[in-house]
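Please have the sequence and the structure at hand while reading.

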Amino acid sequence: MIATHFTKIQDFPDSFYQQFHVVVCGLDSIVARRWMNRMLISLLNYEDGILDQASVIPMVDGGTEGFKGNARVIFPGMSACIECTLDFYPPQINFPLCTIAHTPRLPEHCIEYVRLLLWPKQEPFGANVVIDGDDPQHIKWIYEKSLDRANEFNILGVTYRLTQGVVKRIIPAVASTNAVIAAACATEVLKITTSCCMPLNNYVNFTDTDGVYTYPFEAEKKEDCLACSLIPQTLTFSEDSKLRDIYDYLIESAAYQMKSPGITTVIDGKSKTLYMKSVKSIEVKTRDNLKKTLKELGLTNGQEIYVADQTTPTSITFKLNLTSHMEK
């Protein structure tokens, strides 16, 4: 039986994912992969520190980018997960804000100007309405404004298709590459469900740029992995560091690569939101905290902070290691 669902993966409860024997991902973003990875890890059961293998739901994931692709098999808690190998993924292309705002040279610069600066300023579809890359009205508005800006700077190449591609971060697809990776994933699902032979251990790379080349290798588990290790995460900062330093670090660090972390803690037995950007009313009330030092916020050495982000279905606990001066 095939059941279709037209909703976000994060809208389903844990019980929805517990019913599956294997999860096959054809996701279009790293954020979504990280979220699914964390969901399956959160379903694991441990007895006296030993993993109950009956709670393991294998994840088969494949991805392509032009003439390159990869497939992998993840046994949560047993083999390397998405977070263990986060640095495998290429960094997302971003344009300098100064170029976008003052000296655009490419059609992409014009589109990013409208997306990042003009949309939140003009709020064309109402306050707090987030851009929906699948809404034709949203794309049309961005396209028209981008075209106006392109004409202002004598830049050619702004099209509706390019606008949608920039907004949705669309990468050109090659049918032959997609077919190879789809076949690889289907083969691994067959191996897992029938036990006819050992599944891939655990990563295979494929490229057909100058010729067909492929090779499998075993990605190793990261001992202090953010998702699958049982080791608490530690953040080392000076007590004179500002909350903004922690916020920026969680976003810019290759180990965490968060998108919009919300930070809370417990002080004197009461929960306190330090900063949360995703909810506008809370963001306004907590914005000044970014300028305050950790000492001014009442944070002490060894204190725990809890970070929620769109890359994970569960919050992540960090223990603060506060020093008098930042360690070099």
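How many bridges join strand β9 to strand β11, and in which sense do the two strands run?

The model is predicted. Strand β9 (residues 262-267) is joined to strand β11 (residues 304-308) by four bridges, and the two run antiparallel. Within this pairing, Thr265 has Ile305 of β11 as its bridge partner.

β9 also pairs with strand β10 (residues 270-275), here through five bridges and again in the antiparallel sense. Ile267 is placed opposite Lys270 in β10. Two residues separate β9 from β10 in a hairpin, and Asp268 in the turn has a positive phi of about 55 degrees.

## The annotated span

An unreviewed UniProt entry places the feature "domain: E2 binding" at residues 235-323. Such an annotation may be inferred rather than shown by experiment. In the model, residues 235-323 are 19% helix and 33% strand.

## The five-stranded sheet

Five strands form an open sheet in the order β1-β4-β5-β6-β7, and their pairing is mixed. The edges are β1 (23-25) and β7 (213-217), each of which pairs on one side only. On average, and with direction ignored, neighbouring strands of this sheet are turned by 10 degrees against each other.

Strand β5 (residues 68-74) and strand β6 (residues 203-207) are antiparallel and share five bridges. Ala71 stands opposite Val204 of β6.

## Helices lying across the sheet

Which strands does helix α2 lie across? Helix α2 (residues 30-42) lies across β1, β4 (59-65) and β5, and runs at about 170 degrees to β4. Helix α7 (residues 175-194) lies across β1, β4, β5 and β6, with an angle of about 175 degrees to β4.

## Contact of α4 with α5

Two packed helices are described by the angle between their axes and the distance between the axes. For helix α4 (residues 107-122) and helix α5 (residues 136-152), the angle is about 115 degrees and the axes are 9 Å apart. The two helices are therefore roughly perpendicular to each other. The crossing of α4 past α5 is right-handed.

On the α4 side, the contact consists of Cys110, Ile111, Tyr113, Val114, Leu118, Trp119 and Gln122. These meet His138, Trp141, Ile142, Lys145, Ser146, Arg149 and Ala150 of α5. Sorted by class, the contact of α4 with α5 holds nine nonpolar, three polar and two charged residues.

## Contact of α4 with α6

How do the axes of α4 and helix α6 cross, and within what distance do they come? The axes of α4 and helix α6 (residues 160-167) cross at roughly 60 degrees and come within 10 Å. α4 and α6 are therefore oblique to each other. Their crossing is right-handed.

From α4, the contact takes in Pro107, Glu108, Ile111, Glu112 and Arg115. From α6, the contributing residues are Leu162, Thr163, Val166 and Val167. By class, the contact of α4 with α6 has five nonpolar, one polar and three charged residues. Ile111 of α4 is listed in the contact with α5 and in the contact with α6.

How values were computed
Residues are numbered from 1 along each chain as its sequence is written. This is a predicted model: local features need pLDDT of at least 70, side-chain atom pairs count only at pLDDT 80 or more; totals for chains, interfaces and linings use all residues. Side-chain values use heavy atoms; hydrogens and water are left out. Axes are lines fitted to C-alpha atoms, for helices over the stretch in contact, and angles run from 0 to 180 degrees between N-to-C directions. Angles under 35 degrees count as roughly parallel, over 145 as roughly antiparallel, 65 to 115 as roughly perpendicular and the rest as oblique. A crossing is left-handed if the near helix is turned anticlockwise from the far one by less than a right angle, and right-handed if clockwise. Contact means heavy atoms within 4.5 Å. Ala, Val, Leu, Ile, Met, Phe, Trp, Tyr, Cys and Pro count as nonpolar, Asp, Glu, Lys and Arg as charged, and the others, Gly among them, as polar. Two strands pair if DSSP finds at least two bridges between them.
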